[in-house]
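Here's a quick tour of a protein model for you to follow along with. Keep the picture open while you read, and look for each piece as it comes up.

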Amino acid sequence: RDFHKEFLKGRKILTGCPKFGDTNLYLQRLTETIKNSEIESIEVVRMEVPCCSGIVMLTEEAAKLSGKNIHVNETIISVDGKKIVTARKTEFCPGDV
């Protein structure tokens, strides 16, 4: 599997850890990034460990708060580097907040 080719090439990358990072700051910055960019969708690629699911919830909340029509997709990677699932194609439209 070529992780770079599949998930990173040609995309803007943001990283964060909901367990050890400042989630309020993440939410604020991600919301502002979405508001001020021509983003149509976000692909959250995370590890399968439970604490990483928080980054998906933060991203979905930022998408709602941005007031933009945006898709949030989630891909879960196992601890040994295999893609487990791609799911959760959620669309947030202005007014969903």
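**Helix 2: two sides to the story**

On the face of helix 2 that is turned away from its buried side, you'll find the exposed residues Q28 and R29. Keep in mind that this is a predicted model. The protein has 3 helices and 3 strands in its secondary structure, and reading from the N terminus the elements go α-α-β-α-β-β.

**More on helix 2**

- Helix 2 covers residues 23–35, which is 13 residues. From its first C-alpha to its last it reaches 18 Å, close to the 18 Å expected at 1.5 Å a residue.
- Which residues of helix 2 are buried? They are L27, L30, T31 and I34.
- Looking down the axis of helix 2, you'd see those buried residues fall within an arc of 100°, so they line one face of the helix.
- Here's the background: an α-helix has 3.6 residues a turn, so residues three or four places apart point the same way.
- What covers the buried residues of helix 2? The cover includes strand 1, helix 3 and strand 2.

**Helix 3 and its end**

- Helix 3 (residues 53–66) is built from 14 residues and spans 20 Å from first C-alpha to last, close to the 20 Å expected at 1.5 Å a residue.
- Its buried residues are G54, I55, V56, L58, T59, E60, A62, A63 and S66.
- Let's zoom in on S66, which sits in helix 3. S66 has a relative accessible area of 9%, so it counts as buried.
- Setting aside neighbours within four places in sequence, S66 is in contact with T31, I34 and K35. Two residues on that list, T31 and I34, also belong to the buried residues of helix 2.
- After helix 3 comes G67, and its phi is positive, near 75°.

**The strands**

- Strand 1 (residues 41–47) pairs with strand 2 in the parallel sense, over 7 bridges.
- For one spot to look at in this pairing, find V45, which stands opposite T75 in strand 2.
- Why is strand 2 (residues 70–77) described as largely enclosed by the rest of the structure? Because 7 of its 8 residues are buried.

**What about the cysteines?**

- How many disulfides does a search of the whole structure find? The search turns up 0.
- As a reminder, a disulfide is a covalent bond between the sulfur atoms of two cysteines.
- For C17, the closest cysteine sulfur is the one in C51, and at 5.9 Å that is too far for a bond.
- For C51, the closest cysteine sulfur belongs to C52, 4.6 Å away, which is again too far for a bond.

**Zooming back out**

- Of the protein's 97 residues, 29% count as buried.
- Take the contacts in the protein with a separation of 6 or more: residues 24 or more positions apart account for 65% of them.

Technical notes. Residues are numbered from 1 along each chain as its sequence is written. This is a predicted model: local features need pLDDT of at least 70, side-chain atom pairs count only at pLDDT 80 or more; totals for chains, interfaces and linings use all residues. Side-chain values use heavy atoms; hydrogens and water are left out. Buried means under 20% relative accessible area, exposed over 50%, partly exposed in between (1.4 Å probe, protein chains only). Helices (H or I, at least four residues) and strands (E, at least two) are DSSP runs, numbered from the N terminus. Two strands pair if DSSP finds at least two bridges between them. A crossover is right-handed if, with the strands pointing away from the viewer, the path from the first strand over the helix to the second runs clockwise. A disulfide is a pair of cysteine sulfur atoms within 2.5 Å. The expected span of a helix is 1.5 Å times one less than its number of residues. The arc is that of the directions from the helix axis to the C-beta atoms. Contact means heavy atoms within 4.5 Å.
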